[in-house]
Amino acid sequence: LDPVILGLPFLLFWILLWVVLTPPILFIAYLLEKKLNRSDEGEGE
Amino acid sequence: VNIALVIIFATIAISAGVGIFAGRRIKMNLENWTVAGRRFGLILIWLLMAGEIYTTFTFLGASGWAFSKGAPAFYILIYGTLAYTLSFFILPALWRVGKKYGLHTQPDYFIKRYDSRSLGVFVALIGVFSIIPYLQLQLAGLGFIVEVASNGAVSSNAAILLAFVLTCVFVYTSGLRGAAWVAIIKDVMMLAAVGVVGIGVPIIYFGSPGKMFDALMAKMPEHLIFPGSTPNMDVGWVMSTALLTGLGFYMWPHVFGSAFSAKSDKIIKRNAIIMPFYQIPILLIFFVGFTAFLIIPELKNGDMAFLELVNRTYPPWFMGFVGAAGAVTAMVPSAILVLFASTLLAKNVYQAGFRPQAKEETVLRLSRIMVLVITTFALFFAILFPNELVNLLILGYDGVCQFFPGVVLGLFWKRVTKTGVFTGLVVGIAIVAVLILTGRDPFLGMNAGFVGLIVNGFLTVAVSLSTRQKQSDTL
């Protein structure tokens, strides 16, 4: 239950943290994938 | 004049109008009707997917679970995020296959990938069987929220009848486009209602959400850790359920089919990136449930927590706004469910099963007739036997999850065969049905659907390795 972060109990904060981190992580995956595809096939968007 | 009533009816009528308007000047063929001609950009896809995922029952249920069960409700945050992450990897590949072969539905995919019409018919029947209770739940949620929000001035049945007949009309005329356009209204209203109540209620009663949690931790700290206020929803339950529902999420025929309506595979990918942001309103809903836990602990029915708290806190017109938002929030998923159930029956049961030579116009005409049939059937059930189908929903969810190996292995593994998928699917569904119908869910502490999925996946791989399929059949 402790520590309380941003007013949220830790369990809820921890789950929420990963929810909020998912979009940036996927975005990085998206950029990486685009870069790799381009160098593989020389194909631009 | 009852102001709540006016707001509710005006919203339902305007939504139906927008839905019908969405299909004007579009020459309807099957492609336009079921997958909107594969023309949706990022915004419409996002709204459409959010529209079918975040239903009236999500909102009533999420606050209800936070109220009555506590921490186990957090699994909703987890499985949605898992599902979106997964969709980032699966849906773009699926979309490309759909585009290449002009697929409209989930059984279309099975038919093409495994070159088996009987597999397609089987998948379609399981799909329709799973959709009907889901549709039922939407109707029940709609009736419930309108009846409570109008303070009993509109009976649940009258609300269901009116809203669903209008939904049926715009599905008939506009197909998936109608649902996507109405989803715009739905999202704006629902987010406004959730924002106002979710942020407002903890501030009004406690000063801030943080102070609300302080009060909750002082009163009953165990409500906020697993298993919360339940006897059996501990970490194992949360993990197996979140995993199963996360995997099975995009296996729902209507969610699966909606993916084909995107303009490109990149749109689908970008959509997967932003979808998790839609989980934040769920957090606000939890705030409402927890506040209700502190303010109205005597409440019997957890699903009433959101509405009861609004009723106590806000003026009647706002209650009407919430009721209207709830009604549209049920109409959008209902529309998509009816649309895909109809197409499954017309295209994948009738055409694939009995008349492969049927023309596309015939299939479209039949799909539209099926909209009327399914609407009538669902209304009949909703009004005469409102509670009979709810238990079937779990069966439906665990059932569609069994499509997972067939879909995903089909995309990424060349060796998987029709016989393998058929065997896994039949055995997986049999296990799920037996465990649930004989009351053995959870089985050995695991979700019954999860047990079925493990056996299913194993059999699919094992049988595929020992059988062979003609080379030309791979996509």
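**Exercise 1.** Among contacts in chain B between residues at least 6 apart in sequence, what percentage join residues at least 24 apart?

*Solution.* Take contacts as heavy atoms within 4.5 Å. Of those in chain B between residues at least 6 apart in sequence, 86% join residues at least 24 apart.

The model is predicted: local features need pLDDT of at least 70, side-chain atom pairs count only at pLDDT 80 or more, and totals for chains, interfaces and linings use all residues. Residues are numbered from 1 along each chain as its sequence is written, chains are lettered from A and ligands numbered from 1 in the order in which they are written, and side-chain values use heavy atoms, without hydrogens and water.

**Exercise 2.** Find the salt bridge between A:Glu33 and B:Lys269 and place its partners.

*Solution.* Apply the cut-off: a side-chain nitrogen of Lys or Arg within 4 Å of a carboxyl oxygen of Asp or Glu. Here N to O is 2.3 Å. The pair crosses between chains, from helix H1 (residues 10-41) of chain A to helix H13 (residues 265-274) of chain B. Helices are DSSP runs of H or I, at least four residues, numbered from the N terminus. Next, check burial (buried: under 20% relative accessible area; exposed: over 50%; partly exposed: in between; 1.4 Å probe, protein chains only). A:Glu33 is partly exposed at 27%. B:Lys269 is buried at 13%.

**Exercise 3.** Which parts of chain B does the B:Lys347 to B:Asp108 pair tie together?

*Solution.* The closest N and O atoms of this salt bridge are 2.7 Å apart. B:Lys347 lies in helix H16 (residues 316-353) and B:Asp108 in helix H6 (residues 106-114), so the pair ties together parts 239 residues apart in sequence. Both residues are buried.

Terms used
Helix = DSSP H or I, 4+ residues; strand = E, 2+ residues; numbered from the N terminus.
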